[in-house]
Every structure is written in C-alpha cells, then in structure tokens.
Amino acid sequence: VQAEIINIPVDFETIQAGINAAEDNDTVLVAPGIYTEALLIQRKAITIASNFIIDGDEAAIVETVLDGEDQHGLVRFEECNGLRVAICGFSIIRGREAIGLYTSSPILTHLIIRNSSTATFVHDSNPIIENVLFEENGFGVWLRYRGRIVMRNAIIRNNEGQSAICI
C-alpha cells in the first residue's frame with residue numbers, strides 16, 4: 001500500500017477528520033491557517049505536518065497554528081509506542097496541555113509551543129524533541145511516570161513554572 005498525502009482543508013475540512021482517515025505511513029498535510037480543534041492520534045504511524053515539511057520555509061511554522069482556546073489535550077498521542085508518528089511545523093498555542101504523550105514515542109519537530117499551562121506532558125513515553133521552542137508556558141516539559149526524552153536543539157525559556165522541565 002502506497003502512502004498518501006491527505007490535504008487539509010481540501011480533502012477534509014478538519015485535521016482530525018484527516019487523522020481519522022489516515023492509514024499507516026500517510027501524511028496529513030495542513031495548509032496555513034488557524035485551527036481550533038483538539039487532535040487525538042491513537043495507534044497510528046502517521047505524520048501531521050504544515051507546508052514546512054515540503055520546502056523548509058520557517059514562515060509555515062508561524063502561519064499554521066493549532067489554537068487550543070485553553071482546552072485540555074490540544075494534541076494528544078495515545079498508544080503510539082513503536083510506531084513512526086510525527087508532528088512537524090506548527091505553532092501550538094493556548095492549550096492547558098498543548099501536547100500530551102501517553103504511552104507514545106512521537107517525533108516532535110520544528111514546533112513553537114506558547115502560552116499553554118503545560119507545553120508537553122510525557123507519561124510512559126519516549127519522544128524525540130527536535131528544533132522546538134517552548135516559551136511563555138506554565139511548564140515547558142513535564143515528565144511523569146516512566147519515560148525517556150531525547151532533546152536536540154530545543155529552547156525552553158520564559159516559562160512560569162518552578163522549573164522548565166518537571167520530573
């Protein structure tokens with residue numbers, strides 16, 4: 001089976017609808033814009049990306065926004081351990097938990113995570129975090145229960161919690 005590219009909002013109106021339709025190895029490609037929906041990725045080996053993945057233009061990161069409007073679990077990965085799952089090229093803002101990882105090991109790359117209570121909550125997960133800015137959040141990264149985090153070129157600054165990384 002050949003991997004497909006699912007274009008949002010051309011093929012599906014919402015990112016979650018694209019995720020639901022995606023099969024392993026597919027890419028959900030999100031056009032620039034502001035998206036106010038919670039995303040749940042369960043047991044899928046997919047990539048969710050902005051146009052940054054196509055041309056490396058960092059403007060796409062700023063122009064493709066996931067706005068949580070202060071809801072809990074803005075981007076939530078569940079039971080994705082051992083699967084190649086990634087999110088790339090977004091600004092993620094105003095989530096009580098911007099990214100939640102539950103028994104998952106995604107690649108989080110080329111992201112800006114701002115103005116959230118907890119930028120990334122890691123529970124029994126082993127993410128790879130590359131080229132991510134954690135800024136103006138309550139906590140930058142909160143590691144709870146088992147897990148191992150690999151971070152490369154991540155910046156954690158101006159977060160309000162007692163520590164940038166809570167273990």
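How many bridges pair strand E7 (residues 75-80) with E9, and in which sense do the two pair? The close-ups below answer that and visit a few other spots. The model is predicted, with local features needing pLDDT of at least 70 and side-chain atom pairs counting only at pLDDT 80 or more, while totals for chains, interfaces and linings use all residues. Residues are numbered from 1 along each chain as its sequence is written, and side-chain values use heavy atoms, leaving out hydrogens and water.

View 1. E7 and E9 pair in the parallel sense over five bridges; two strands pair if DSSP finds at least two bridges between them. Strands here are DSSP runs (E, at least two residues) and helices are runs of H or I with at least four, numbered from the N terminus. Look for Val 75, which stands opposite Ile 99 in E9. E9 is also joined to E11 by five bridges, and these strands run parallel too. Here Glu 97 is the residue facing Thr 118 in E11. Seven of the eight residues of E9 (residues 97-104) are buried, so the rest of the structure largely encloses this strand. Buried means under 20% relative accessible area, exposed means over 50%, and partly exposed lies in between (1.4 Å probe, protein chains only).

View 2. Ile 8 and Pro 9 are joined by a cis peptide bond, with omega at about 5 degrees. You will find Pro 9 in the loop between strand E1 (5-8) and H1.

**View 3. A patch of negative charge.** Glu 4, Asp 11, Glu 23 and Asp 24 gather on the surface in this patch. Patch residues have over 30% relative accessible area and no salt bridge, and like charges are joined within 9 Å. Asp 24 sits in the loop between helix H1 (15-21) and strand E2 (27-30). With a relative accessible area of 44%, Asp 24 is partly exposed.

**View 4. Positive phi at Asn 115.** Asn 115 is not a glycine, yet its phi is positive, near 55 degrees. This residue belongs to the loop between strand E10 (107-114) and strand E11 (118-125). Asn 115 is partly exposed, at 40% relative accessible area.

**View 5. Positive phi at Glu 136.** Glu 136, also not a glycine, has a positive phi of about 60 degrees. The loop between strand E12 (128-135) and strand E13 (139-147) holds Glu 136, which is partly exposed with a relative accessible area of 38%.

Definitions and conventions
Patch = residues over 30% accessible without salt bridge, like charges linked within 9 Å, V, L, I, M, F, W, Y side chains within 5 Å. Areas by Shrake-Rupley, 256 points an atom, 1.4 Å probe, with all protein chains shown as cover. Salt bridge = Lys/Arg side-chain N within 4 Å of Asp/Glu carboxyl O. Lys, Arg positive; Asp, Glu negative; His and termini not counted. Charge placed at Lys NZ, Arg CZ, Asp CG, Glu CD.
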